[in-house]
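Below is a short briefing on one protein chain, written for a reader who has the sequence and the model at hand. The points are grouped by topic.

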Amino acid sequence: MTVQEIKNFALKKTGFNQIPDAYLIDYVNEIMDSLVVDADSAGKKETIIIDATQGEWTDLPFDFVAVKRCIRTENNQVCDEFLIENSQIQFRISGEYRVEYITMQDHVSSLEDTPPINIIFHETLALGAAYKEAARIFMYDNNNIKAQLFSEYMEERKKAIRKATNTKRSRRRIRYADFF
C-alpha cells in the first residue's frame, strides 16, 4: 500500500474531502515509529559486533530502539548477562559479542513511497492516519467520528501486533534444481 493508497483509505473512512499531504506523511511516519516501539517485527533488524570489556559501557548505534539478543562469538551462544542504559550496553564478561537490535524504519517522504514496514501494519497506518486527521479537525470537539476512528485504530493495531508476533518463520531451505 503506497502513501497515496493510505490517503485514499483514510479519506474513505473519515468522509473528508482532503487530507493535506504534509500532514499525512507526518502521520504515517509518526505511527511507524510508535509501532516499532510496541512491536519488534515493525522495525528493521540490524547487527553489530562489539568487543566488550567487563564492566565498561559501550555506545549502541544512534538509531537503536531495542536489543533482540546478544550472541557471544567465541562459543556462538546466546548471552543474557548484559545491561542497557541510555543507549549504552555493558557486559558482565569480556569478549566479542554479536548484538542483534531493532532500529526505526526509514521514513516516507512522498505519496508514491511505500512504507518500509511489514505489510501487516499497512491498514493500521491508514486507520491511524484517519484518526489523526479527525483529531486535528475536531481538536476541541467531542465528536463521535473521532472516538469511532480511535477505537478502530487501536483494535487494528492490537490485531496487527498480535498477528506479526504469532507469525512463524520457517527455517527450511528450498532446494532448486540444477541448471542445465
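Glu100 has a relative accessible area of 18% in this predicted model, and because buried means under 20%, Glu100 counts as buried. Arg98 forms a salt bridge with Glu100, and the closest N and O atoms of the pair are 3.8 Å apart. Salt bridges with shared partners join Arg69, Arg98 and Glu100 into one network.

**Around Glu100**

- Arg98 has a relative accessible area of 27% and is therefore partly exposed.
- Glu100 is also the bridge partner of Arg69 in strand S7.
- Strand S3 (residues 64-72) and strand S7 (residues 95-103) are paired in the antiparallel sense, over seven bridges.

**The sheet of four strands**

- Strands of a sheet pair through backbone hydrogen bonds, and the pairing is either parallel or antiparallel.
- Four strands form an open sheet in the order S1-S7-S3-S4, and their pairing is antiparallel.
- At the edges are strand S1 (44-52) and strand S4 (77-79), each of which pairs on one side only.
- On average, neighbouring strands of this sheet are turned by 35° against each other, direction ignored.

**The sheet of three strands**

- A further open sheet has three strands in the order S2-S6-S5, again with antiparallel pairing.
- Strand S2 (57-59) and strand S5 (82-85) are the edge strands; each has a single partner strand, so one side of each has no neighbour in the sheet.
- The twist from one strand to the next averages 30°.
- S2 and strand S6 (residues 88-91) run antiparallel and are joined by three bridges.
- Asp59 is found opposite Gln88 in S6.

**Helix H1**

- Helix H1 (residues 3-14) has 12 residues, which at 1.5 Å a residue should span 16 Å; the end C-alpha atoms are 16 Å apart, so the two values agree.
- Which residues of H1 are buried? They are Val3, Ile6, Lys7, Ala10, Leu11 and Thr14.
- Gly15 follows H1 and has a positive phi, near 80°.

**Salt bridges between helices**

- How many salt bridges does a search of the whole structure find? The search finds 11.
- One of them pairs Lys7 with Asp21, with the closest N and O atoms 2.5 Å apart.
- Lys7 lies in helix H1 and Asp21 in helix H2, so this pair ties together parts that are 14 residues apart in sequence.
- Lys7 is buried, with a relative accessible area of 6%, whereas Asp21 counts as partly exposed at 33% relative accessibility.
- Glu30 forms a salt bridge with Lys132, and here the closest N and O atoms are 2.6 Å apart.
- This pair links distant parts of the chain, with Glu30 in helix H2 and Lys132 in helix H3, 102 residues apart.
- Glu30 counts as partly exposed at 43% relative accessibility, and Lys132 counts as partly exposed at 23%.

Terms used
Residues numbered from 1 in each chain as written. Predicted model: local features only at pLDDT ≥ 70, side-chain atom pairs only at ≥ 80, totals over all residues. Heavy atoms only, no water. Pairing = 2+ DSSP bridges. Helix = DSSP H or I, 4+ residues; strand = E, 2+ residues; numbered from the N terminus. Axes fitted to C-alpha atoms, helices over the stretch in contact; angles between N-to-C directions. Expected span 1.5 Å × (residues − 1). Buried < 20%, exposed > 50% of the residue type's maximum accessible area, 1.4 Å probe, protein only. Salt bridge = Lys/Arg side-chain N within 4 Å of Asp/Glu carboxyl O.
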